[in-house]
Amino acid sequence: MSGRILVVEDELAIQKVIQTYLESAGFTVRCIDSGDQALNAVESFQPDLIVLDLMLPGMDGLEVTARLREQASDVFIIMLTARSEEIDRIAGLRMGADDYLTKPFSPRELVARVEAVLRRQRSLTPPPSHSLHFEHLSISPDRMEATAGETFLDLTTTEFILLLELARHAGRVLTRDQIIDRVWGEDFYGTDRIVDVYVGQVRRKLEQAVGDGLIQTVRGVGYKFMDSPK
Ligand code: CA
């Protein structure tokens with residue numbers, strides 16, 4: 001697979017291993033070792049994906065992620081964390097990382113995760129293009145935009161895909177597993193908690209624009225998009 005990967009990792013031995021494996025899988029890799037360089041490197045290198053260590057000198061991985069998302073960057077991010085407590089993973093995902101890996105990890109697994117995340121992007125690009133129009137919301141897959149009246153929803157790529165998938169099945173329940181398959185791909189490794197985290201984020205953004213109630217929780221099953229088609 002091809003693509004540009006930025007590796008932000010201050011442990012040089014780990015950085016080297018990641019670089020070697022990603023390059024032999026066909027990726028173009030640039031490595032830096034501090035969070036402070038990350039934003040500039042994203043601008044100059046234009047990566048498709050960032051492998052981002054959580055614990056970095058200077059700006060840490062969460063802060064880098066938050067800054068990138070603030071700038072509306074939708075570059076994919078896989079967070080590396082030395083701590084296995086779930087709270088760190090969830091915090092990372094809340095900040096807008098697309099996946100995470102706990103150290104020590106196998107470099108082969110990292111390559112598999114990178115490919116899985118990038119495949120999500122690819123499966124997004126070609127297909128369905130017609131816009132969806134609801135009473136409160138319009139969604140344009142082509143432009144990757146969701147609007148409520150005149151207001152653009154400021155969604156990350158993953159949040160957008162989640163909203164789109166729910167809206168395509170408006171009025172019907174999608175289970176967490178179905179949502180994971182459609183949004184993260186069938187080879188996603190994590191737990192289905194990720195769905196709840198992302199639904200929470202999308203809801204918060206919808207709430208500001210159109211009030212709550214558009215995404216309904218179906219207890220023990222999944223989620224349902226409730227807006228009516230126009
Ligand atoms: Ca580190």
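How much area do domain 1 and domain 2 bury between them? The figure is about 1,400 Å², with 52% of it on carbon and sulfur atoms; buried area here is the accessible area (1.4 Å probe) that two parts lose on being put together, summed over both. This is a predicted model, in which local features need pLDDT of at least 70 and side-chain atom pairs count only at pLDDT 80 or more, while totals for chains, interfaces and linings use all residues. Residues are numbered from 1 along each chain as its sequence is written, and side-chain values use heavy atoms, with hydrogens and water left out.

**The two domains**

- The domain assignment, which is automatic or from a database, gives domain 1 (4-123) and domain 2 (132-225).
- Their C-alpha centres lie 24 Å apart.
- Domain 1 brings 18 residues to the contact and domain 2 brings 15 residues, where contact means heavy atoms within 4.5 Å.
- Zero salt bridges are found across this interface, taking a salt bridge as a side-chain nitrogen of Lys or Arg within 4 Å of a carboxyl oxygen of Asp or Glu.
- Two residue pairs are in polar contact between the domains, both at pLDDT 80 or more. A polar contact is a pair of N or O atoms within 3.5 Å; within protein, one must be able to donate a hydrogen and the other to accept it, and residues adjacent in sequence count only if both atoms are side-chain atoms.
- On the side of domain 1 that touches domain 2, α4 (86-94) and α5 (107-124) are the elements giving two or more residues. The most comes from α5, with six residues.

**The calcium site**

- D10 (OD), D53 (OD) and M55 (O) are the protein donors of the calcium ion, at 2.1 to 2.3 Å from it. Donors are N, O and S atoms within 2.8 Å of the metal (3.2 Å for Na, K and Ca), and sites may look incomplete because water is not among the atoms.
- D10 sits in the loop between β1 (4-8) and α1 (12-24), and M55 in the loop between β3 (49-53) and α3 (61-70), so the pair ties together parts 45 residues apart in sequence. Helices (H or I, at least four residues) and strands (E, at least two) are DSSP runs, numbered from the N terminus.
- D10 is partly exposed at 30% relative accessibility, and M55 is partly exposed at 47%. Buried means under 20% relative accessible area, exposed over 50%, and partly exposed in between (1.4 Å probe, protein chains only).

**Helix α3**

- Seven of the ten residues of α3 are buried, among them L62, V64 and L68.
- D60 caps the N-terminal end of α3, with a side-chain oxygen 3.1 Å from the backbone nitrogen of L62.
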